[in-house]
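Hi,

Here is the model I promised to pass on.

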Amino acid sequence: MAICFECENDLNIDIDEVEEGDIVTCDECGTEYEVVGVEPLELTKVDDEPDEDDDDDLLGDNEEEA
Ligand SMILES: [Zn+2]
């Protein structure tokens, strides 16, 4: 059973339905976690900070920025 590190909500992950690299989102606080392992289930928090890291410009999806 996986618990959100931020708000301790049950993330409700069905281990049969996730695989490494999947992203799960906490329903309560919106924190995203990447699945880094499934046996046992292991999650790492995805930091969504635009400042750090270069963006991996996957789709070149550059719609107007506000
Ligand atoms: Zn949470």
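For the cut-offs, buried means 20 or more other C-beta atoms within 10 Å of the residue's own, exposed means 12 or fewer, and partly exposed is anything in between, with C-beta atoms placed from the backbone.

Before the rest, two housekeeping points. This is a predicted model, and local features need pLDDT of at least 70, side-chain atom pairs count only at pLDDT 80 or more, while totals for chains, interfaces and linings use all residues. Residues are numbered from 1 along each chain as its sequence is written.

Now the overall picture. The protein chain has 0 helices and 3 strands, and reading along the sequence gives β-β-β. Both element types are DSSP runs numbered from the N terminus: helices are H or I with at least four residues, strands are E with at least two. Of the 66 residues in the chain, 6% are buried. Among contacts with a separation of 6 or more, 15% are between residues 24 or more positions apart; a contact here means C-beta atoms, placed from the backbone, that lie within 7 Å.

The strands make an open sheet of 3, in the order β1-β2-β3, with antiparallel pairing. At the edges sit β1 (23-25) and β3 (41-46), each of which pairs on one side only. From one strand to the next the twist averages 40°, taking axes as lines fitted to C-alpha atoms (for helices, over the stretch in contact) and angles from 0 to 180 degrees between N-to-C directions. Pairing itself requires at least two DSSP bridges between two strands.

Going through the pairs in turn:

- β1 with β2: β2 covers residues 32-38 and pairs with β1 in the antiparallel sense over 3 bridges. Val 24 has Tyr 33 in β2 as its bridge partner, and Ile 23 stands opposite Glu 34 in β2. The two strands form a hairpin with 6 residues between them.
- β2 with β3: these run antiparallel and are joined by 6 bridges. Val 35 stands opposite Leu 43 in β3. This hairpin connects its strands through 2 residues.

In the turn between β1 and β2, Gly 30 has a positive phi of about 80°. Why is Gly 30 classed as exposed? Because it has 11 other C-beta atoms within 10 Å. In the loop between β2 and β3 you will find Pro 40, and the peptide bond from Glu 39 to Pro 40 is cis, with omega near 0°.

Back to Val 18, which lies in the segment before β1. Leaving out residues up to four places away in sequence, Val 18 touches Ile 13, Val 24, Val 35 and Val 38. Val 24 and Val 35 have already come up: Val 24 is bridged to Tyr 33, and Val 35 faces Leu 43. Val 18 and Gly 37 are 19 residues apart along the chain, with 9.4 Å between their C-alpha atoms.

Glu 8 is found before β1, and its phi is near 65°, a positive value in a residue other than glycine. Glu 8 counts as exposed because it has 11 C-beta neighbours inside 10 Å. Asn 12 is also placed in the segment before β1, with a positive phi near 60°, again in a residue other than glycine. Asn 12 has 11 C-beta neighbours inside 10 Å, so it counts as exposed.

If you open the model, I would go to the cis bond between Glu 39 and Pro 40, then to the positive phi values at Glu 8 and Asn 12.

Cheers

Notes: Two residues are in contact if their C-beta atoms, placed from the backbone, lie within 7 Å.
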